[in-house]
Amino acid sequence: MTEQDAADDTAATEESTASEAHADDDAFQGAPEDIAADEVDLGEFEVDDELVDRVAESDPEDIARELSALRTRTDSLESQVEQQDEEIEELEEKLKRKQAEFQNYKKRMDKRREQEQKRATEDLVTRLLDVRDNLERALEQDEDTDIRGGVESTLRQLDDVLDAENVEVIDPEPGRDVDPTQHQVLARVESDQPDGAIADVHRPGYEMADKVLREAQVTVSESEE
């Protein structure tokens, strides 16, 4: 080999090395400005050979545009997430306000019902006071005065008050079957009524709105042995 041939081989080797270095530099052209080529340590990542081949075969400008598009997409997604977080926070605040409003509404309704119950009780007591006044006036009459008419009138007034409150008398007829929910059996007696039927009513009962306030006290017929 001549000295000229050796010189030509050396020049070709240097040119090839320079081209490879230049190609490596070109691979990072168009990359984000905040990422320096010498800061990238490929040893930290698992290299995808297919991705490496694709990058090597792609134009650096195309790669740069793709990276830019990915960054734009990432920024857009981050903005959407931030917006959704704000919407969630706003909805949570609205929910808290609605819950507080419901609790306040419930307290107002409970207080209103309590007041209505008190007014209903006051109204009933007021009407009963009139009955008491009439009974008191009847007792103030002279001993020789017949007060039966006055007492009967007062009893009718009391019945009117109870009727206005939907209070019904439980006063079963003799011969009816015993209803454990409305009748309290005091004793078994001999009578002309069928065995086990009501013989007589000792004290009437009362019910209001289908609720028994007081059971009727009855005696039950027992057949002679």
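What share of the contacts in the protein with a separation of 6 or more comes from residues 24 or more positions apart? Hi everyone, let's start there: the figure is 61%, where contact means heavy atoms within 4.5 Å.

A word on the ground rules. This is a predicted model, in which local features need pLDDT of at least 70 and side-chain atom pairs count only at pLDDT 80 or more, while totals for chains, interfaces and linings use all residues. Residues are numbered from 1 along each chain as its sequence is written, and side-chain values use heavy atoms, with hydrogens and water left out.

Now the overall picture. The protein has four helices and six strands, and from the N terminus on the order is α-α-α-α-β-β-β-β-β-β. Helices here are DSSP runs of H or I with at least four residues, strands are runs of E with at least two, and both are numbered from the N terminus. Of the 225 residues, 11% count as buried, meaning under 20% relative accessible area with a 1.4 Å probe, protein chains only. The accessible surface comes to about 18700 Å², with 47% of it belonging to carbon and sulfur atoms; those areas come from the Shrake-Rupley method with a 1.4 Å probe.

Next, helix 4, residues 148–164. Its 17 residues should span 24 Å at 1.5 Å a residue, and the end C-alpha atoms are 24 Å apart, so the two agree. The expected span is 1.5 Å times one less than the number of residues. Just after helix 4, Asn-166 takes a positive phi of about 60°.

Three strands form an open, antiparallel sheet in the order 1-4-5. Strand 1 and strand 5 are the edges, each pairing on one side only. From one strand to the next, the twist averages 35°, using axes that are lines fitted to C-alpha atoms and angles that run from 0 to 180 degrees between N-to-C directions. Two strands pair if DSSP finds at least two bridges between them.

Strand 1, residues 167–170, pairs with strand 4 over four bridges, and Ile-170 stands opposite Gly-205. Strand 4 also pairs with strand 5, residues 211–214, over three bridges. There, Glu-207 has Val-212 as its bridge partner, and Met-208 stands opposite Lys-211. Two residues lie between these strands in the hairpin, where Ala-209 takes a positive phi near 55°.

Key. Buried means under 20% relative accessible area, exposed over 50%, partly exposed in between (1.4 Å probe, protein chains only).
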